[in-house]
Amino acid sequence: MSKLLKMRYLILRRITQIGLLFLYFAANAYGWKILSGTLSASKLFDTIPLSDPFAILQMLSAGAMMGMNVFIGAVIIIAFYGIIGGRAFCSWVCPVNMITDLANWLRRKLLLDKVERKVWVSRNARYWVLGLSLVVSALTGLAAFELVSPITIFNRGVIFGMGMTGGVLVAIFLFDLFGVKNGWCGHICPLGGFYSLIGKFSLIRIRHNHENCTLCMNCKEVCPESQVLHMIGKESGTVTMGECVNCARCIEVCNDDALRFGIRNFTTTSKAKGDNR
Ligand code: SF4
Ligand code: SF4
């Protein structure tokens with residue numbers, strides 16, 4: 001398989017992430033009406049509202065009043081990721097993912113994973129940060145995470161001018177490179193945690209075929225949430241954990257055709273799901 005074909009999902013993801021940023025920028029700079037606003041609240045073709053449901057939750061906690069359009073926008077997003085895409089926001093839309101993927105690629109190249117860990121953060125920390133964001137929003141009357149969110153800062157930086165964007169992104173890059181592997185997205189970001197929760201039962205899933213697997217572990221090495229691939233080396237199965245970002249890196253690095261996208265089957269056992277290809 002050619003190298004480009006092996007990177008097909010990665011290339012598609014980058015086109016999507018950069019393309020979305022460009023459309024937001026073009027709406028502000030040239031008046032294009034394809035996608036206007038920001039990742040927190042946008043309009044598609046100047047008609048269909050799209051809202052970040054976690055931002056809306058924070059605003060509700062803060063006691064803010066919002067128009068019906070904002071709620072409809074949040075329902076559309078929840079329905080899309082909840083039913084279809086799972087946590088795909090993180091790998092196909094969020095611009096910060098480009099920074100964290102770069103840090104993790106460099107980390108592997110520099111063999112930094114082999115260095116003894118000095119910093120440890122639980123992968124569940126993101127759910128505590130999520131809860132804390134809502135509590136602080138309620139106490140302060142402000143959407144707490146939105147004020148400091150690197151996703152919002154990056155997105156607004158591209159649309160309206162860089163401002164403090166560079167510093168925030170460098171900090172995340174260095175944290176992921178020298179601190180904790182997949183530190184920001186895999187441990188701390190509450191928006192990633194939020195999409196893990198709402199995407200837990202979505203239809204698009206990674207499937208593993210144990211019979212084809214040669215135990216090279218390429219998939220686990222590149223997976224930003226390697227715990228979701230717990231069936232590797234044991235049995236065929238479907239990735240059911242909501243933390244999988246549907247990035248497809250595992251599919252791309254597998255030379256044995258042991259991983260692929262599939263549609264979740266709620267009626268069969270985990271093993272049968274993986275075998276049923
Ligand atoms: S975990 Fe957070 S920063 Fe990382 S890709 Fe997801 S939303 Fe973006
Ligand atoms: S299991 Fe595959 S698609 Fe899911 S996060 Fe890991 S590498 Fe990405």
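Is Cys247 buried or exposed? Cys247 is buried, because its relative accessible area is 9% and buried means under 20% relative accessible area, with exposed over 50% and partly exposed in between (1.4 Å probe, protein chains only).

1. Basis of the note. This is a predicted model, in which local features need pLDDT of at least 70, side-chain atom pairs count only at pLDDT 80 or more, and totals for chains, interfaces and linings use all residues. Residues are numbered from 1 along each chain as its sequence is written, chains are lettered from A and ligands numbered from 1 in the order in which they are written, and side-chain values use heavy atoms, with hydrogens and water left out.

2. The chain as a whole. The chain has 15 helices and six strands; helices (H or I, at least four residues) and strands (E, at least two) are DSSP runs, numbered from the N terminus. Its radius of gyration is 19 Å, which agrees with the value near 19 Å for a compact globule of 277 residues. That radius is taken over C-alpha atoms, and the globule rule is 2.2 Å times the number of residues to the power 0.38. Of the 277 residues, 48% count as buried.

3. Arg87. This residue sits in the loop between helix 4 (68-85) and helix 5 (88-93). Arg87 counts as buried because its relative accessibility is 2%. Its side chain makes a polar contact with the side chain of Glu225 at 2.8 Å. A polar contact is a pair of N or O atoms within 3.5 Å; within protein, one must be able to donate a hydrogen and the other to accept it, and residues adjacent in sequence count only if both atoms are side-chain atoms.

4. Ligand 1. Arg87 is also one of the residues that surround ligand 1, including Phe89, Cys90, Trp184 and Cys185; a residue is near a molecule or strand if one of its heavy atoms lies within 4 Å of it. Helix 5, helix 6 (96-109), helix 11 (183-188) and helix 12 (190-198) each give two or more residues to this shell. Cys185 counts as partly exposed, because its relative accessibility is 23%.

5. A search of the whole structure finds zero disulfides, a disulfide being a pair of cysteine sulfur atoms within 2.5 Å.

6. Helix 9. In helix 9 (residues 150-160), eight of the 11 residues are buried, among them Ile151, Phe154 and Ile159. At its start, a side-chain oxygen of Ser149 reaches to within 3.1 Å of the backbone nitrogen of Ile151. Just after helix 9, Gly161 takes a positive phi of about 125°.
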